[in-house]
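Subject: Structure handover

Hello,

Here is the structure you asked for. Please look through it first, then read the notes below.

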Amino acid sequence: MSTAEQRVTELGLVIPDYADPPYGGRFGTVKAFHRVGSLVFLGGMTAESRDGVVLHPGHLGADVSVEQGCEAARRAATNVLGMLRLAVGSLDEVAGLVQLLCHVAATSDFDAHHLVGQAASDVFVDVFGPAGVATRATVGVPSLAGRNCVELVVTAEAASPAS
Amino acid sequence: MSTAEQRVTELGLVIPDYADPPYGGRFGTVKAFHRVGSLVFLGGMTAESRDGVVLHPGHLGADVSVEQGCEAARRAATNVLGMLRLAVGSLDEVAGLVQLLCHVAATSDFDAHHLVGQAASDVFVDVFGPAGVATRATVGVPSLAGRNCVELVVTAEAASPAS
Amino acid sequence: MSTAEQRVTELGLVIPDYADPPYGGRFGTVKAFHRVGSLVFLGGMTAESRDGVVLHPGHLGADVSVEQGCEAARRAATNVLGMLRLAVGSLDEVAGLVQLLCHVAATSDFDAHHLVGQAASDVFVDVFGPAGVATRATVGVPSLAGRNCVELVVTAEAASPAS
């Protein structure tokens with residue numbers, strides 16, 4: 001059975017490096033992660049590239065289709081993988097995902113938020129297998145910074161507690 | 001003094017069984033809970049029955065009254081009790097609630113979100129007594145999956161750490 | 001190097017006392033904090049004074065300017081400091097901030113949520129130094145209880161585990 005890092009290679013996922021340039025910067029005074037015991041808390045991740053290009057800005061139910069929203073969720077989830085690598089050194093050091101809180105910029109009559117949340121889950125399950133299945137809540141928001149359509153807040157469990 | 005499970009019986013609460021059929025399914029690749037140490041993280045719970053019937057779909061401030069929103073919050077909280085049973089085996093194994101994050105589908109001029117959050121808290125306090133009092137944040141959302149009007153994200157503390 | 005409590009004095013921050021009158025009351029059945037191990041979970045905090053006066057009610061992108069939203073965020077963050085004092089006895093007993101989830105009441109076309117989140121972070125960094133830098137997610141909401149424009153949900157790490 002292949003490891004998480006091997007699956008990244010097999011899937012051809014391109015994961016951003018949040019060490020170079022260091023995460024934060026244009027977002028203000030934030031850090032990428034905080035470890036307490038075996039818990040790993042990550043900052044909110046959107047579908048932005050490292051130089052700030054937003055994939056599919058706008059709102060589900062209006063100018064962003066479900067398919068585009070799912071694509072943004074997959075990109076945001078791939079960015080989360082980069083944050084996890086930064087936090088614990090290698091995706092092979094991730095014991096599992098704990099919680100996925102998925103915010104979807106949506107109109108008041110949109111009702112398929114769960115499809116966007118599922119697109120993020122798909123990435124985690126592709127990479128981590130059963131350990132990538134998280135508890136999940138997907139909720140609408142009227143707007144996000146930079147007109148992003150998805151923001152993920154992930155908590156994970158590391159294989160070893162923080163030293 | 002009666003235990004949490006005894007109070008459920010006294011109150012006549014009907015708590016869904018998330019083991020049969022297994023939780024997830026139509027929601028996608030999600031799990032019901034994740035335990036780390038004594039913490040129990042639960043997936044987002046709405047006021048849906050196990051076969052997907054949504055209680056009071058719509059928006060507070062528009063087509064859902066505060067009374068209906070409170071009823072939906074109580075139903076969602078009762079669903080959370082079912083998730084807690086699944087997670088730790090019995091409500092008597094719950095040491096206390098840690099955090100209740102309550103999302104309320106609401107218009108931009110609605111201002112009584114806390115009443116809906118309180119309706120969820122009422123259920124937890126009825127069942128767990130003082131241990132059911134959680135830290136709480138109740139926030140508006142423009143929309144939720146399936147037109148639900150309430151979604152609860154609960155973290156609890158188990159009486160014994162995960163083995 | 002000055003301690004967090006010394007910096008509060010140097011900065012002239014006026015931090016509310018959530019012990020007197022006890023936190024909760026008009027908000028319903030809630031508690032201020034929950035400690036598990038070294039984690040400290042806090043209830044959602046807005047820019048309300050202890051007697052319920054809301055600073056800058058309304059929506060970013062409409063009747064609340066970014067400058068006013070930032071002022072509300074700073075007030076809410078100062079309120080969080082009061083909650084942390086209540087939870088662990090002194091700000092000098094806070095090892096660091098873990099997570100800052102910042103909800104901003106906003107219109108659908110507002111796109112500068114991060115500036116409001118940063119205003120909250122500024123307070124924490126002023127008081128705690130590098131330990132005040134948290135993981136952060138800032139998201140829009142259509143409305144909050146009492147027409148508040150900001151609500152912060154903070155998780156912190158205590159210097160000593162809960163006894």
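**Chain B against chain C**

The contact between chain B and chain C takes 28 residues from chain B and 27 residues from chain C. Please keep in mind that this is a predicted model. Chain B and chain C bury about 2000 Å² between them, and 62% of that area is on carbon and sulfur atoms. Which residues of chain B lose the most area to chain C? They are Val133(B), Thr135(B) and Arg136(B), which together account for 22% of what the chain B side buries.

Three elements of chain B each supply at least two residues of the side that touches chain C: strand S4 (94-105), helix H3 (113-128) and strand S5 (135-141). The largest share of that side comes from S5(B), with seven residues.

As for the polar side of this interface, there are 13 residue pairs in polar contact across chain B and chain C, counting pairs with both residues at pLDDT 80 or more. The count of salt bridges between chain B and chain C is zero.

**Chain B against chain A**

Chain B also touches chain A, and this contact takes 27 residues from chain B and 28 residues from chain A. The area buried between chain B and chain A is about 2100 Å², with carbon and sulfur atoms giving 62% of it. On the chain B side, Thr29(B), Phe41(B) and Pro142(B) supply 26% of the area buried against chain A, more than any other three residues.

How many salt bridges are there between chain B and chain A? The count is zero. Residue pairs in polar contact between chain B and chain A number 13, again with both residues at pLDDT 80 or more.

Strand S1 (33-36), strand S2 (39-42), S4 and strand S6 (150-158) of chain B each supply at least two residues of the side that touches chain A. S1(B) gives the most to that side, with four residues.

**How the copies are related**

Two copies of a chain are related by a rotation about an axis and a shift along it. Chain B is superposed on chain A by a rotation of 120° with 0.0 Å of shift along its axis, and the RMSD is 0.0 Å. The two copies are thus related as by a three-fold rotation axis. For chain B on chain C, the rotation is 120° with 0.0 Å of shift along its axis, and the RMSD is 0.0 Å.

Why do chain B and chain A meet through different surfaces? Only 15% of the interface residues of chain B are also interface residues in chain A, so these copies use different surfaces to meet.

**Aromatic pairs**

A pair of aromatic rings is described by the distance of the centres and the angle of the planes. Over all chains, the structure holds three aromatic pairs. One of them is formed by Tyr18(A) and Tyr23(A), which are edge-to-face, at 5.9 Å centre to centre with 75° between the planes. Are these two residues buried or exposed? Tyr18(A) is buried, and Tyr23(A) is buried as well.

In chain B, Tyr18(B) and Tyr23(B) form an edge-to-face pair, with 5.9 Å centre to centre and 75° between the planes. Tyr18(B) has a relative accessible area of 6%, so it is buried. Tyr23(B) has a relative accessible area of 14%, and therefore it is buried.

**Two single residues**

Gly24(A) sits in the loop between helix H1 (4-11) and strand S1 (33-36) of chain A. Its relative accessible area is 9%, so Gly24(A) is buried. Gly24(A) and Ala145(A) are 121 residues apart in sequence, while their C-alpha atoms are 14 Å apart in space.

In chain C, Ala4(C) belongs to helix H1 (residues 4-11). Ala4(C) is buried, because its relative accessible area is 7%. Which residues does Ala4(C) contact, leaving aside its neighbours within four places in sequence? They are Leu91(C), Asp92(C), Val127(C) and Phe128(C). Ala4(C) and Gly24(C) are 20 residues apart along the chain, and their C-alpha atoms are separated by 26 Å.

Regards

Definitions and conventions: Residues numbered from 1 in each chain as written. Chains lettered and ligands numbered in written order. Predicted model: local features only at pLDDT ≥ 70, side-chain atom pairs only at ≥ 80, totals over all residues. Heavy atoms only, no water. Least-squares fit on C-alpha atoms with pLDDT ≥ 70 in both. Contact = heavy atoms within 4.5 Å. Buried < 20%, exposed > 50% of the residue type's maximum accessible area, 1.4 Å probe, protein only. Phe/Tyr/Trp six-rings, centres within 6.5 Å; stacked < 30°, edge-to-face > 60°. Buried area = accessible area lost by both parts, 1.4 Å probe. Salt bridge = Lys/Arg side-chain N within 4 Å of Asp/Glu carboxyl O. Polar contact = N/O pair within 3.5 Å; in protein donor to acceptor, adjacent residues only side chain to side chain.
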